[in-house]
Amino acid sequence: AQTAFPSRTFTFMVAQPAGTPSDTNARKLQPYLQKAMGQTVIVENLAGAGGTLGTAKVMQQPADGHTMLVASPTELILSPTTIPAVRYTSEDFTMIGNFGRIPYVLVARNNLPQATLPEILALAGKGGTPLNVGNIGNGSLIHLLSLDFERLSGLKLNHVTYRGIAPMMQDLMAGQLDLCFTPLAGNTSTLLEQGRMRPLAVSSVAKSRVLPQLPTLAATDSRFSRFDYDVWGGIFVRSDTPEPVLAKLHAWWSETARDTEFLAWTRSSGGDPLPVPSLADTRAFYTAEVARYRTLLKAFPVAARN
């Protein structure tokens, strides 16, 4: 006989610091899950090592659906591929819900002498001190974006690694970091509205719904014509979780994702909600993304150095 589900407190594990898109999503979902399941739901943040610390902790919990990981490709695909010490693989997890796609925005510190992207690109080949560009770990998607930006622009950049998006953004706003790519989600729009940093361009080919006035990298310079990056986030559990539990969690997500208030919040925070697919299609999407990101990583072997 299987233990009844749910039977105890739920945990949303976030492998990134508070204030990041994954954290924001988890805290938004907290009351929805609590109401639907009749159980207490807590959000736990455990950042560090490219998101692998929090992710590994989920692997240490029972595969019974009560501990869910709210994560992105960095924690689940890129970090375990590039960090030899990691003992989990992408295949140890299965996706039960997809938040949709979010573009990145390239931002600069307010006191950077070069006020526009063309002015920054004009520095290529002129020598001088390289600009500092932030990332959240070797092999993270932000690291790959930065490497591709460096390659296409011809700039020489100094890549600076942080424990998460929040400390990276704090250094940028304090004028200690020149540039970085950050997801156009969470509190990013608010910080831009407050003038805490300077937006330069978005990473996707299509313009952002949140900042339609901001150009894309592809439209700014022909060198970036194929520069098209965005990121998805999702809800994951261990892949050995019983099928009836997976089905119940996916049913909860399907109802929540179609909720009018939740949809409005997702769009207002920069997300592009996807139609809710079946559980089988959701898991197939994740499998395909694992293959896609591993191919991307092979294009930048320097990202795998540790």
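# Exercises on a predicted model

A257 sits in helix α9, which spans residues 243-257. Keep in mind that this is a predicted model.

**Exercise 1.** Decide whether A257 is buried or exposed, and find which residues it touches.

*Solution.* Step one: look up the relative accessible area of A257, which is 10%. Step two: compare that with the cut-off, since buried means under 20%. So A257 counts as buried. Step three: list the contacts, leaving out residues up to four places away in sequence; A257 touches F262, L263 and V276. A257 and N98 are 159 residues apart in sequence, yet their C-alpha atoms are 9.0 Å apart in space.

**Exercise 2.** Work out in which sense β1 and β2 pair, and the handedness of the crossover that links them.

*Solution.* Step one: find the strands, β1 at residues 10-14 and β2 at residues 41-45. Step two: check the pairing, which is parallel and runs over five bridges. For a landmark, F12 stands opposite V43 in β2. Step three: follow the chain from β1 through helix α1 (residues 21-37) to β2; this β-α-β crossover is right-handed.

While you're at this end of the chain, peek at the segment before β1, where P6 has its place. A cis peptide bond joins F5 and P6, with omega about 0°.

**Exercise 3.** How do the axes of α1 and α10 lie relative to each other?

*Solution.* Step one: take the crossing angle. The axes of α1 and α10 (residues 260-268) come within 12 Å and cross at roughly 170°. Step two: apply the cut-off, where angles over 145 degrees count as roughly antiparallel. The two helices, α1 and α10, are therefore roughly antiparallel to each other. Step three: see who meets whom. From α1 come T24, N25, K28, L29 and Y32, and from α10 come E261, F262 and W265.

**Exercise 4.** Which residues of α6 are buried, and why do they lie on the same side of the helix?

*Solution.* Step one: go through α6 (residues 165-173) and pick out the buried ones: I165, A166, M168, M169 and L172. Step two: they cover an arc of only 160° around the axis, so they end up on the same side of α6. Step three: recall the general rule that an α-helix has 3.6 residues a turn, so residues three or four places apart point the same way. Step four: ask what this buried set packs against. The partners are α1, β4, β5, α5 and β7.

Definitions and conventions
Residues numbered from 1 in each chain as written. Predicted model: local features only at pLDDT ≥ 70, side-chain atom pairs only at ≥ 80, totals over all residues. Heavy atoms only, no water. Pairing = 2+ DSSP bridges. Helix = DSSP H or I, 4+ residues; strand = E, 2+ residues; numbered from the N terminus. Right-handed = clockwise from strand over helix to strand, strands pointing away. Buried < 20%, exposed > 50% of the residue type's maximum accessible area, 1.4 Å probe, protein only. Arc of directions from axis to C-beta. Contact = heavy atoms within 4.5 Å. Axes fitted to C-alpha atoms, helices over the stretch in contact; angles between N-to-C directions. Parallel < 35°, antiparallel > 145°, perpendicular 65-115°, else oblique.
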